[in-house]
Amino acid sequence: TILFSLLTLISISASAQNEMPKNDDFSAIVLNVYVPISNNIPSDANALLESKLRQIAASNGLGGTNSLNPRFVLTATVSRLTSEQLSESLLYYINAEIVYYVADAAKNKIFNTLSVNYKGVGNTEAKAFIDIFKKIQVKTKELEIFLNVSKGKIIQSYNDQCDFILKDAATLDKQGLYDEAIAKLMLVPDVCKSCYFKCSDQVEAIYQHKIDKECTVKIREAKAKWASTQTREGAEQVADIIANISPFSVCEPE
């Protein structure tokens, strides 16, 4: 259910113009934090849980926001195991299980899970949950192992799918969908060395196809404009058109 909800929020897009996109914009493995809305947990407590997840990701070198590749997520579900209102002191006691997930929301795939029990007390249920989330330590050996294993599985998934990624990009290239092809290739993180180098080589070739095609279209457009309007104004319009041609395109001399 969590991953299905994420699919409605995620949009992976990239624009490649006359300058090559920077690898740093794409290639980092970042765990985007998502906390599902729960009727059992007050919103104030939910916000604290989200903050803790961000700290966990950052403390283990996987923090940040990668808007170009938001598919990998760190999320958590909270299950109330037992709860009790202590009548004498009007305190709420809650024993809860928090299950952490690292997942690929785009492919509806869970890479790894970790379950930890916490206990909290408070004058209200909300404060009891806040007490639980305050007790979450963002840097523990258990979490470090959990995230390292998760990162390894993400890398392995790229390596296993590398041939398919290259094939899909080649198909998009043939269809003239150059931006989509480049974006698909550049989403491969640089930590996946073998696949990353293969994809980088293919990006260069596809980008050349892109600017060559754009050059051909612009030259044709410029010629048509000049043929119909051989005036100073027409010449200025032609100049504006050809100014957008990449100096690295095959027809730039023309």
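Where does Asn108 lie? Asn108 lies in the loop between β3 and β4, helices (H or I, at least four residues) and strands (E, at least two) being DSSP runs numbered from the N terminus. This is a predicted model, in which local features need pLDDT of at least 70 and side-chain atom pairs count only at pLDDT 80 or more, while totals for chains, interfaces and linings use all residues. Residues are numbered from 1 along each chain as its sequence is written, and side-chain values use heavy atoms, with hydrogens and water left out.

**Confidence**
- The chain has an average pLDDT (the predictor's confidence in each residue, from 0 to 100) of 83, and 83% of the residues score at least 70.
- Helix α1 (residues 2–7) has the lowest confidence, with a mean of 44, and helix α5 (residues 162–174) the highest, at 95.

- Thr113 in β4 is the bridge partner of Tyr101.

**Aromatic contacts**
- There are 4 aromatic pairs, counted when ring centres of Phe, Tyr and Trp (its six-membered ring) lie within 6.5 Å, with planes under 30 degrees apart stacked, over 60 edge-to-face and the rest tilted.
- The ring centres of Phe72 and Tyr158 are 5.9 Å apart and their planes are at 70°, so this pair is edge-to-face.
- Because Phe72 lies in strand β2 (residues 72–86) and Tyr158 in helix α4 (residues 141–160), the pair ties together parts 86 residues apart in sequence.
- Phe72 and Tyr158 are both buried (under 20% relative accessible area; exposed is over 50%, partly exposed in between, with a 1.4 Å probe and protein chains only).
- Phe72, Phe111 and Tyr158 form one aromatic cluster.

Methods: Pairing = 2+ DSSP bridges.
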